[in-house]
Amino acid sequence: MQPEMVSMQRILVFSALLVFGVFISSSWAEEKLVNLTRLQMFVDELPDMPRIQGFRVVNGVPRPRSFKIGMYQKKWKFHRDIPESTVYAYGTSKHTATVPGPTIEALHGISTSIRWQNNIHSTKHILPWDPTIPTAVPSTKNGIPTVVHLHGAIGEPESDGNANSWFTAGFRVRGSTWSNKTYRYYNQQQPGNLWYHDHAMGMTRVNLLAGLVGAYIIRHPDIEAPLGLPYGEFDRTLVVFDRAFSTDGSIYMDPTGNNPSIHPQWQPEYFGDAIIVNGKAWPKLTVRRRKYRFRIINASNARFFKFFFPNGLRFIHVGADSAYLAKPVTSREILVGPSEITDMVIDFSASKTNSAILANGAAYPYPTGDPVNEANSKVMKFMILPHSEVDTSRVPAKLIHYPVPDLSTASQTRYIAMYEYASNIDEPTNLYLNAKPYEAPATETPKAGTSEIWNVINLTEDNHPLHIHLGLFVVLDQTDLVNVEEFKDCMTKRNDAVKCQVSKYARGNKTEVPAHEKGWKNVFKMKPGCVTKILVRFAYIHTNASYVFDPTAEPGYVYHCHILDHEDNAMMRPLKIIR
């Protein structure tokens, strides 16, 4: 079955190429890249990003708060020996804007309202982009489209950051689903870790690559304080991503597509060998011999991280994505896909050395790509002070218990198939979910307050981190497909898992879901050649109360692969909640 294409659309986007001059000049290709092997690692201190309270206190009582955060073009220093880079950054002013942006700290039950302001007045993006894929293109041919999605939020559709709700500087040009300047976040969900990032149609990969990412934490002191976990200066958020740099300091992105006659710029995955943590390449952090909590967000476009400590230090997992686990889980390594969040405690008093390097062992693309090299196999270094100290924090035997998934409550069973299409030179041209473009009417229409079983069938060779807006889910099992090519042939022709007898093929080996990922998540890694069964809940997990907003409002929600290059072209589908 061929993907649904419209030839006239191809003519229009080709015309757009000529209008925008996006056929990249050879000067991009001639750029020299920084030789990372000549850079000294662990020379920059790990920054602690600015913090913004998402609430105000009146007479000792927390109240809702409204404020503004802008997006700015500015210079940023990623490494001591790399020239300043031009970036897009979030902040309350251009001077205070950072990469990543400020960490917003909200309180459970207290709403936060943010007016996201696009202050990027440039007419040309700092990175090459490709309008031959579905893309936000301002009618004026000027301006950088942006829109903010709060990843992991359980909130109203109007504030979800729909890909077509983009806007340019001063809201002068707006996308088809744009509705309001100020986004309201109710913060009524369970406490946990979220992050905000750009979500503009077809521009997500370049806008995040330019720097538009930031952390958001929902705290619930009444529930969290009794746990006794490390807090204050011993509770740190780490936003991790990869980048490549030209010798002039600019962020480098290959300007030539893998199918240049079809997509002049689009590449199926972006990778850079410099590993950035909180805006610095391979930073260092001095720690005391005690427990620290780290909330680690993988904000990479496509890179998976397999974190481990060569000196044997262990991770004590307390949460995954936006929810706590029921009890802590200890491991020596952890695989974190793009957009996943791992919440862990590291006890440096257990270290037998006075330093520890957080290392990475994930192939790229994951799982069958290149092995790590000297540069991308290192993440950051912890300098551990030699003297022990009294540590009053703890990791309790029990954390926060949420309802165990009950399959009998599922109101619907769905099949979500992942497809990749290739050109006559066997290079990827685009990716679809259920063989449909984003613009096709919504086929996933769950009822508010219900749970559904989704069987996600990965017919590609890549591992795809699937993210569902609004919903939380539990991974039930992963089963390898047998006779994959035979099943794929049927699915390519019929795009119907039931008619293709998926149960006949989903009989291979089962992959155990890691213990630290058995809780409620909003992203999970869909193994290639495999059926992953998840129970998705379109309701709160910490209470039986209904949503405090109308989830059926326009423009609805989406679900998509969170490899940004895939999401942009066009592995994303609308998700419409009904009553």
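## A cysteine link

Let's start with two sulfurs: cysteine 490 and cysteine 500 form a disulfide, with their sulfur atoms 2.1 Å apart. Here, a disulfide is a pair of cysteine sulfur atoms within 2.5 Å. In general terms, it is a covalent bond between the sulfur atoms of two cysteines. The pair joins distant parts of the chain, ten residues apart: cysteine 490 sits in helix α5 (residues 484-494), while cysteine 500 is in the loop between α5 and α6 (502-505). Helices (H or I, at least four residues) and strands (E, at least two) are DSSP runs, numbered from the N terminus. The link is left-handed, with -90° about the S-S bond, and the structure holds one disulfide.

Before going on, note that this is a predicted model: local features need pLDDT of at least 70, side-chain atom pairs count only at pLDDT 80 or more, and totals for chains, interfaces and linings use all residues. Residues are numbered from 1 along each chain as its sequence is written, and side-chain values use heavy atoms, with hydrogens and water left out.

Is cysteine 500 buried or exposed? Cysteine 500 is buried, with a relative accessible area of 3%. Buried means under 20% relative accessible area, exposed means over 50%, and partly exposed is in between (1.4 Å probe, protein chains only).

Cysteine 530 is in no disulfide, and the nearest cysteine sulfur, that of cysteine 561, is 15 Å away. Cysteine 530 is buried too, at a relative accessible area of 0%. Cysteine 561 is likewise in no disulfide; its nearest cysteine sulfur belongs to cysteine 530, 15 Å away. Cysteine 561 is buried, again with a relative accessible area of 0%.

The structure holds five cavities of 30 Å³ or more. To find them, a 1 Å grid is laid over the protein atoms alone; a cavity is a set of points where a 1.4 Å probe fits but cannot get out, and lining residues have an atom within 4 Å of a point. Grid points are joined across faces, edges and corners, and a volume is the space filled by probe spheres set on the points.

About 110 Å³ of space lies in the largest cavity. Of the 16 residues that line it, Leu150, Ala153, Ile154, Gly155 and Tyr185 are the closest to its centre. The elements giving two or more residues to this lining are β7 (148-151), β8 (182-185) and β10 (213-219). By class, the lining of the largest cavity has eight nonpolar, five polar and three charged residues. For these classes, Ala, Val, Leu, Ile, Met, Phe, Trp, Tyr, Cys and Pro count as nonpolar, Asp, Glu, Lys and Arg as charged, and the others, Gly among them, as polar.

The second largest cavity holds about 90 Å³ of space. Its lining residues include Asp48, Arg51, Thr103, Ile217 and Arg295. β10 and β11 (235-243) each supply at least two residues of this lining. By class, the second largest cavity is lined by four nonpolar, three polar and five charged residues.

## Nonpolar cores

The largest nonpolar core has 103 residues, and those with the most contacts inside it are Trp116, Trp282 and Phe294. A nonpolar core is a set of buried Ala, Val, Leu, Ile, Met, Phe, Trp, Tyr and Cys residues joined through side-chain atoms within 4.5 Å. Strand β3 (residues 61-76) gives the most to this core, with five residues. Apart from it lies another core, of 52 residues, among them Leu325, Ala362, Phe524 and Val536.

Most residues other than glycine have a negative phi, and most peptide bonds are trans. Two peptide bonds here are worth a look. The one from glutamate 554 to proline 555 is cis, with omega near 5°, and proline 555 lies in the loop between β30 (530-537) and β31 (557-561). The one from asparagine 569 to alanine 570 is also cis, with omega near -20°; alanine 570 is in the loop between α7 (564-567) and β32 (572-575).

Now for phi. Lysine 141 has a positive value, near 65°, and counts as partly exposed at 41% relative accessibility. Asparagine 187 has a positive phi as well, near 55°, but this residue is buried, with a relative accessible area of 3%. Asparagine 187 is found in the loop between β8 and β9 (192-198).

Notes. On a 1 Å grid over the protein atoms alone, a cavity is a set of points where a 1.4 Å probe fits but cannot get out, and a pocket is an open set with protein on both sides within 12 Å along at least five of seven lines; lining residues have an atom within 4 Å of a point.
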